[in-house]
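Reader: I have a structure on screen and would like to learn how to read it. Where do we begin?

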Amino acid sequence: MTTVAQAHGLTAERLAELEVELERLRADVVAQLGAEDVDYIRRLIRIQRWSEVGGRASLFLGFLPPFWLAGVAALSLSKILDNMEIGHNVLHGQYDWTNDPALSSTEFEWDSSCPAKGWQHYHNYLHHTFTNITEKDRDLGYGVIRISGEAPWSAVNLGNPLYALGLALMFDHGIMFHDVDIGHVRAGKKPWAEAKQSLKNGLRKSGTLAFRDYVMWPAFTGPLFLSTLAADALANVVRNIWSFIIIFCGHFPSGALEFTEEECEDESKGHWYFRQMLGSANITGGPLFHIMSGNLSYQIEHHLFPDIPARRYQQIAPQVREICQRYGIPYNTGRLSRQFGSVIGKIFRYALPGRTKPKETIMPRTPLQAPTELVAA
Amino acid sequence: MPSGAVSSRSRARRILGQAVRVFDVAATPYGIDRYVELVRPSWSSSEVRAKVVQVRRTTRRSVTLTLRPNGNWTGFRAGQHTQLSVEINGVRQTRCYSMTNAATDRNGLIELSITAHPEGRVSQHLHQSMQKGQTVGLTTAQGAFTLPLGEPDHLLLVSGGSGITPVMSMLRTRCALGWEKPVTFLHYALTESDMLYRDELSELARSHPGVRVVRVFTDQPGAGDLDGFLSAHHLDSAAPGWADAEAFVCGPSSLMDAARSLFGRIGRGDHLHTEAFTLTQVTAEAGLIDGTVRFGASEIGRPSDGTPLLIQAEAAGLTPLSGCRMGICHTCTRRLCAGVVRDVVTGDLTAGPDVNIRICISVPVGDVEIDL
């Protein structure tokens, strides 16, 4: 059987060269890190906090529709910034080099139901280390959505679109339960005691956040209790839908789960880099879009260098793309509507039995397109 | 102070503390501090921070800072130090400095004197760029090198170079307390112009009974009261009867070694107190595996075997969080409390105290301590 690397014409020597090039690129960026990056993330944190303060304050005037709407908008902005450009990236250790406890991956906690520690385990470790390996990377489908023809079909999968909608609305809770991972416990692959601890931590964290959003702040606004509660709930849903869209666009459009455990055993760093690039997809957009998506719109660069401050991905993207072209590795990028369209297409397609790809799925456009299709099919 | 005032103040503090806790829930998950600091950067409900209120450059290589710490500062005993944190090009750096003012001061201010060392990136930065109005991070006062609570019959304070700082605080405190028993202040500087607190020391010797100041300028023979380095002869002439003194010595290791041997020889080792001012050896030889690894939080120490700290921690029976074991996931990030480590991927050296390291790819270079 040919491996994915062989199908791309990549020998061990070629992968070693790829490793050297990418390590050099990484070293160049790391050498540039400094006050500019710290100022940037602190400015965003300030914007996030002020928008939260502003949002909470305007809900005290929530009986006036413009203030209610402004409150929802400001709180949504605050939560999106917190989860994406600030939380996700700080928790990746992107700012650990600053030695600032407020920017430390071990000390940061975010405005999301999933406790930072639990998320770090399954996301930073399992997802980023075992990206794209069947059975090991659990981020694909989140255990509830069938997103690949490789996965066996059952009648339960008919609910795919419904599950996706539910997950989008409750995404932060979805992430929390994803860490608990009942599926693996049921399959006997994870001890219940471990899952129980995750569940306990998750419920405590999400309980505190729910108390804050649905009891405490509504109570502060007195007679506006219900109006504030509704605004808080809506802001959480807006954040959930937005992060669902961005995160599903990060891996789904390209077709995933391509590597077997055997071919990744004792793999070289070069092969690891190769695997990261294959499973990820970028989204094009303006500066504000990239900030709001936590620069996960540069998913390929993020997967290569998950611990480099995300604002630097834009800077290295042209070089990564050029390297991909030279090595014949697909570089999947497209505008949001196209990428998310392909995600929706897959969610509907794989609700039904069968392995064929939906028509609208965009295949990588690179010189070596044909072998990629062979492997994926 | 009337006791009523004290109890009403402590009640106010308690109520404030409870209010802070309520707001902490409202401000979950960040806590109230993260909002208050938007408008008052030096305020914090738990961290010690201080505002720079005065900057003086008294010698060519030194800067004296007067700081106003926030309410989390709990005072200090003469001789103690604090860990000062500043940011240099976005990276927070932490170094230890002794308070130099009298511990009896009630004006809420502390003073630190920093000497710029040619190899010291942090001290040079402090020397060049500290300005009035800046906010710095501190810790509460630390250290057991402190002036005795009761007045000793004979106090001997010996210092070399920037080691003058803790004993300066001891002398100032002693004078402020109105102690009158003899104290000898023996200081070694390179040259007269390098000597910190030169004028003030002369003034203290003049105006306070029992204070004797003896200066030695090691690069300027003939300019001081004595020549050369610490010896029995120096002690005999500077502090007759030194064999009965309570001695406090701070300075380079050669000075402290000399003091240890002098006091050891007369069987008075337990009356000698020393404080090392260690320059972190960033230049430590890479590949050096001799040394011990201390897991501070677990109080375990073991000789280093030259493997990454994660491996060594596991070998010591600890089970630190870890993930990818290749430096990408940051699950194993820990604080390096002291010492130097080498990154096995890049070969870069990182020196403590208080920096984040990924223990899966960090090999100790010499003695290290990590928060594990």
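Author: With a term: a residue is buried under 20% relative accessible area, exposed over 50%, and partly exposed in between. Keep in mind that this is a predicted model.

Reader: What does B:Arg325 pair with in a salt bridge?

Author: A salt bridge is called when a side-chain nitrogen of Lys or Arg comes within 4 Å of a carboxyl oxygen of Asp or Glu. For B:Arg325 the partner is B:Glu314, with the closest N and O atoms 2.4 Å apart. B:Glu314 has a relative accessible area of 31%, so B:Glu314 is partly exposed.

Reader: How many salt bridges are there over all chains?

Author: The rule gives 42. One of them joins the side chains of B:Asp225 and B:Arg215, at 3.3 Å from N to O. B:Asp225 sits in the loop between strand S9 and helix H6 of chain B and B:Arg215 in strand S9, so the bridge ties together parts 10 residues apart in sequence. B:Asp225 is partly exposed at 45%, while B:Arg215 counts as buried at 19%.

Reader: Which residue does A:Arg42 meet in a salt bridge?

Author: A:Arg42 meets A:Asp100, at 2.8 Å from N to O. This pair links distant parts of the chain, 58 residues apart: A:Arg42 belongs to helix H3 of chain A, and A:Asp100 to the loop between H4 and helix H5. A:Arg42 is partly exposed, since its relative accessible area is 23%. A:Asp100 is buried, with a value of 8%.

Reader: Which residues are linked in a network of salt bridges?

Author: The network consists of A:Glu52, A:Arg56, A:Lys79, A:Asp111, A:Arg212, A:Asp213 and A:Asp232. A:Lys79 also takes part in a polar contact of 2.9 Å with the side chain of A:Asn236.

Reader: Is A:Asn236 buried or exposed?

Author: A:Asn236 counts as buried, because its relative accessibility is 10%. This residue lies in helix H10 of chain A, which spans residues 225-251. Apart from neighbours within four places in sequence, A:Asn236 is in contact with A:Lys79, A:Asp213 and A:Tyr214.

Reader: Now the surface. Which residues make a nonpolar patch?

Author: A:Leu61, A:Phe63, A:Leu64 and A:Phe67 make a nonpolar surface patch of about 350 Å². Of these, A:Phe67 is found in helix H4 of chain A. A:Phe67 has a relative accessible area of 34%, so A:Phe67 is partly exposed.

Reader: How many residues does each chain bring to the contact between chain B and chain A?

Author: Chain B brings 32 and chain A brings 47. Together the chains bury about 3,200 Å², with 58% of it on carbon and sulfur atoms. On the side of chain B, B:Tyr30, B:Leu38 and B:Ile328 supply 19% of the buried area, more than any other three residues.

Reader: What polar links cross the interface?

Author: There are 5 salt bridges and 18 residue pairs in polar contact. B:Arg358 and A:Asp307 form a salt bridge, with the closest N and O atoms 3.4 Å apart. Elements giving two or more residues to the side of chain B that touches chain A include helix H1, helix H2 and strand S16 of chain B. H2(B) gives the most, with 5 residues.

Methods
Residues numbered from 1 in each chain as written. Chains lettered and ligands numbered in written order. Predicted model: local features only at pLDDT ≥ 70, side-chain atom pairs only at ≥ 80, totals over all residues. Heavy atoms only, no water. Patch = residues over 30% accessible without salt bridge, like charges linked within 9 Å, V, L, I, M, F, W, Y side chains within 5 Å. Areas by Shrake-Rupley, 256 points an atom, 1.4 Å probe, with all protein chains shown as cover. Helix = DSSP H or I, 4+ residues; strand = E, 2+ residues; numbered from the N terminus. Buried < 20%, exposed > 50% of the residue type's maximum accessible area, 1.4 Å probe, protein only. Contact = heavy atoms within 4.5 Å. Buried area = accessible area lost by both parts, 1.4 Å probe. Polar contact = N/O pair within 3.5 Å; in protein donor to acceptor, adjacent residues only side chain to side chain.
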